[in-house]
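Biologist: I have a chain on screen and want to understand its layout. Can you take me through it, step by step?

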Amino acid sequence: MKTFKVNGYFKDDKSNFKNYIICELDCVPEGLKEEDIFFFGMNENTIKEMVNESDKHNNLLDFIITSYEIYKYKYICKYCGSDEIRKDAFAAWNEELQKFELSTIFDAKYCVKCEGETKTKVQYLKK
Ligand SMILES: [Zn+2]
């Protein structure tokens, strides 16, 4: 699931907003709180269209998005906070490319610092 930070303004009083958070799906992503979310259920294509729309007042929403970026996050270790998280994977031979390629990534996560299996949490990156 992707999360976006958007800039824009409200149609009624033209007041600007900055770094408002929009979620692609109708649920609160791990690492964020519901009260932090400005809008649910808008995907990147819709946001792109809103940014590029020539007649910006054509949509049914009460706000206009002028720019956006993907709100990036990383996984950190639940125990020590390190972001050196690794996963096991299989590589399979690709005849066409004549090299091994990543084929399966396993669920279990390992922390390099803790030197063992770990649980992770999501941390959104501040700019
Ligand atoms: Zn750790």
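Predicted model: local features only at pLDDT ≥ 70, side-chain atom pairs only at ≥ 80, totals over all residues.

Biologist: How many bridges pair β6 and β7, and in which sense?

Modeller: β6 covers residues 85-94, and β7 covers residues 99-111. The two strands form a hairpin, with four residues between them. Q98 in that turn has a positive phi of about 55°. The sense is antiparallel, and the bridges number nine.

Biologist: Which strands stand at the edges of the open sheet?

Modeller: Four strands form that sheet, with mixed pairing, in the order β3-β2-β1-β4. An edge strand here has a single partner, so one side is left without a neighbour in the sheet. The edge strands are β3 (37-40) and β4 (63-70).

Biologist: In β3, which residue is the bridge partner of I21?

Modeller: β2 spans residues 16-23. Three bridges join β2 to β3, and the two run parallel. The partner of I21 is I37.

Biologist: How far apart do the C-alpha centres of domain 1 and domain 2 lie?

Modeller: The domain assignment gives domain 1 as 3-71 and domain 2 as 74-124. Their contact takes four residues from domain 1 and four residues from domain 2. The distance between the C-alpha centres is 32 Å.

Technical notes. Residues numbered from 1 in each chain as written. Domains from an automatic or database assignment. Contact = placed C-beta atoms within 7 Å. Buried ≥ 20, exposed ≤ 12 C-beta atoms within 10 Å, placed from the backbone. Pairing = 2+ DSSP bridges.
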